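Please keep the model open alongside the text.

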Amino acid sequence: MSGSLSILTGMSPDAHPPNDEANSLASYAERQAELQALLEQERAKGGLAAALMALYRQQLDCGFIRDPLDEVRRFSFEGRAYAADHFRVQFNPARARRFGGVGPARPPEGVEVINGGCFLCRENIRWQSRGLEMGYALPKPLDRYVAWMNPFPLAPAHCILASHRHEPQHWHGQGKELVQLAGELIDLVDQLPGWIGFYNGVGAGASIPGHLHHHLMPRPGGQAAFPMEQSFAAFGRDGWTSKVYPMAFMHWHGEVASLKTRLRPWLMAWHDRVEREATANIIVLNPGEGEPLQVVFVPRHPARSRAEGLGGMVGAFEALGEIICSSPEEFDRIERGEIDYSTIAGMLSQVSIAP
Ligand SMILES: [Zn+2]
C-alpha cells in the first residue's frame, strides 16, 4: 500500500517553487485526485481510521510532516488533590519550529493569496507547502470537511478537519451552530474507535480562529488514561462538581443518538445563559471495543486562553491534563523541579469558569 502512495509524494521539501504555475497547479490537482481515490479505497476496506492513517503515512513519507515525534519527552507528576492521580507534560522541542511555518512566506508569481494567507484554505495550502500537503475530503454526511495532517503533531496521525469554505471558528452567538459543531464532532469520532476529537473555541486554544476546524488523533499509545478521563468515574452520574478536577466541565457518555438528544437542550440553555461572552472546548473520546463515547464540554472565558507557567495556551488537549511545551526555558523549569501536580492543576484552574 505504501508503494502506491509513495508515487504521490511530489517534490522534496527543498525543491524550489515551480516556474510554470499552470503546470504545477494541474499536476497538484491530479496528484490530489489520485490520492483521494486511494484513500477512498482504504476507507472502503478499513473505515475512516484506515484512510486517515494512510494519509498520515503519505504525508510523513513526502516530508510534509516535519516532526516524527522522536524528540518528545514525557513527564508525569503524581498527586491526590483531585480524582486524577497525575498530571503530565509533553516536552517537544520540534514544536518550537512551527512558528517558522512550513514553506515560503510568499506565493510564486501569478498566485493570489486568499483570506490573508489562511493556513486552512486549500488555495493557500498548495503554495505554502510547495505542493506537498494534500488532504482527504470526507464523504457525506461529513462532506463539509477535509482532513489535513498537522505538520507539527501532538501525536502520530494528528489531523485537522477543516471546512472546505473559509468560515469562522466561532459559533457567532448561535446556539444551534454550537449544537451542530458538537454533533459533527460526535459523528466523526464515532467512526474512529480508539481516537480522540476536539474543538477549541476562539480564545480557548484555537490557533486559526478565522477558519472552522476540529482536531482528530488516535489515542497516544503506551500511556495511562488522560487525567481528565480518570475523573469521569468520580461524577457518579452525569454532572459537574468542582472537587473532581481543576477545570469545571460537563460530561456525558452513551451512544450517538442519545448523546445528541441530551446535549442539545443543555448546550442551548448554556448558550442562552452566557450569550456571546463565553467560549469552550468540546472533547469526544471513543474508547473502542464497543464502549460508549465520552463527551466533555469545558466552558471557557474568551479572554483567558493562557495560563502562567508552562506552555501558556490551554486548549482541549491541555484540558485533558497533558501540558505541551517546547522551549529550553520550560525544560529547565521541569529539570529544576519547579513543576509538579499542583502547579499544573493551578494552570488549568486559572482558565476555568463555572458551567
Ligand atoms: Zn481559510
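Which side chain does a polar contact of 2.9 Å join to that of H215? The partner is H158. A polar contact is a pair of N or O atoms within 3.5 Å; within protein, one must be able to donate a hydrogen and the other to accept it, and residues adjacent in sequence count only if both atoms are side-chain atoms.

This is a predicted model: local features need pLDDT of at least 70, side-chain atom pairs count only at pLDDT 80 or more, and totals for chains, interfaces and linings use all residues. Residues are numbered from 1 along each chain as its sequence is written, and side-chain values use heavy atoms, with hydrogens and water left out.

**H215**
- H215 is buried, at 10% relative accessible area (buried is under 20%, exposed over 50%, partly exposed in between; 1.4 Å probe, protein chains only).
- Beyond four places in sequence, H215 touches H158, C159, I160, I196, G197, F198 and N200 (heavy atoms within 4.5 Å).

**Zinc site**
- C118 (SG), C121 (SG), H166 (ND1) and H211 (ND1) coordinate the zinc ion at 2.1 to 2.3 Å (donors are N, O and S atoms within 2.8 Å of the metal, 3.2 Å for Na, K and Ca; water is not among the atoms, so sites may look incomplete).
- Donor angles span 98 to 119°, so the arrangement is tetrahedral (four donors, all angles between 85 and 135 degrees).
- The donor spacing along the chain reads C-x2-C-x44-H-x44-H.

- C121 is buried, at 3% relative accessibility.
- H166 is partly exposed, at 32%.

Notes: Tetrahedral: all angles 85-135°; square planar, octahedral: opposite > 155°, others 65-115°.
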